[in-house]
Amino acid sequence: MIFLSEIGEELGAARACIFQLNEKQLYDNSYEWCAPGVASEWATLQDMPRDDLGSPFARAFRENSGYYISDMAAFKETDPMLYEVFSRRELSSLVLCPFYFETDLVGFVGVDEPKDMSLALPVMQIASSHMSGLLQKSFYVEKGASADSVTAFRHHVAYELAEIQANPGLKLD
């Protein structure tokens, strides 16, 4: 997806991904963008149990809030099980934001190793909101979102980034 590469590049991330629930109610890495020189994790991130998201993620996702880890070593004490999942991927930081179809959690978007954590969470909140909108549109409009949706998303992200950069303390709803 084009917008994953734009998000990844804007945030200076190593990887940007979309995870969606599959028919077994497990998470699949549906789409992935990797920075040059970064190996794909797509094949190893299929059929991930929902339990792998642990309590900090579950709590944040229930509140339709994003979740970030800026220091993976410190996170080891917070959730040892989830730390094991992420440490296998040799991550030091990540940001994840859920997206919903109507009232059901159906997936999340994430970036690994973003260079600017102050921008990462707001940008990922915008991305998750966009994913929810695309799901709604694809459900209610024949066969999915048009290219116009991607173009609109690009303009929306550019506007939101300009707002965030102009107002560093700005909080997005």
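Which loop holds Ser93? The loop between helix H4 (80-88) and strand S4 (94-101) holds Ser93. This is a predicted model, in which local features need pLDDT of at least 70, side-chain atom pairs count only at pLDDT 80 or more, and totals for chains, interfaces and linings use all residues. Residues are numbered from 1 along each chain as its sequence is written, and side-chain values use heavy atoms, with hydrogens and water left out.

**View 1. The chain as a whole.** The protein chain holds six helices and five strands. Helices (H or I, at least four residues) and strands (E, at least two) are DSSP runs, numbered from the N terminus. Along the sequence they follow the pattern α-β-β-α-β-α-α-β-β-α-α. Of the 173 residues, 45% count as buried (under 20% relative accessible area; exposed is over 50%, partly exposed in between; 1.4 Å probe, protein chains only). Accessible surface amounts to about 9400 Å², with 52% of it on carbon and sulfur atoms (Shrake-Rupley method, 1.4 Å probe; for residues, only the protein chains shown count as cover).

**View 2. Confidence along the chain.** Mean pLDDT (the predictor's confidence in each residue, from 0 to 100) is 78 for the protein chain, and 77% of the residues score at least 70. Confidence is highest in S2, at 90, and lowest in helix H6 (residues 147-166), at a mean of 62.

**View 3. The five-stranded sheet.** The sheet is open, its strands are ordered S2-S1-S5-S4-S3, and the pairing is antiparallel (two strands pair if DSSP finds at least two bridges between them). Strand S2 (27-34) and strand S3 (67-69) are the edges; each has a single partner strand, so one side of each has no neighbour in the sheet. On average, neighbouring strands are turned by 20° against each other, direction ignored. Axes here are lines fitted to C-alpha atoms, for helices over the stretch in contact, and angles run from 0 to 180 degrees between N-to-C directions. S3 and S4 are joined in the antiparallel sense by three bridges. Ile69 has Leu94 of S4 as its bridge partner.

**View 4. Helix H1 and the sheet.** H1 packs on the sheet and touches strand S1 (15-21), S2 and strand S5 (104-112); the directions of H1 and S2 make about 60°. Contact means heavy atoms within 4.5 Å. Buried residues of H1 (residues 2-11) are Phe3, Leu4, Ser5, Ile7, Gly8 and Leu11. An α-helix has 3.6 residues a turn, so residues three or four places apart point the same way. Ile2 also lies in H1, but is partly exposed, at 46% relative accessibility. Its C-alpha atom is 8.8 Å from that of Trp33, 31 residues apart along the chain. Gly12 follows H1 and has a positive phi, near 65°.

**View 5. The surroundings of Ser93.** Ser93 is buried, at 7% relative accessible area. Beyond its neighbours within four places in sequence, Ser93 contacts Ile69, Ser70, Asp112, Glu113, Pro114 and Met117.

**View 6. The cysteines.** The structure has zero disulfides (pairs of cysteine sulfur atoms within 2.5 Å). Which cysteine sulfur is closest to that of Cys34? The sulfur of Cys17 is, but at 6.7 Å it is too far for a bond. Cys97 is buried, with a relative accessible area of 1%.
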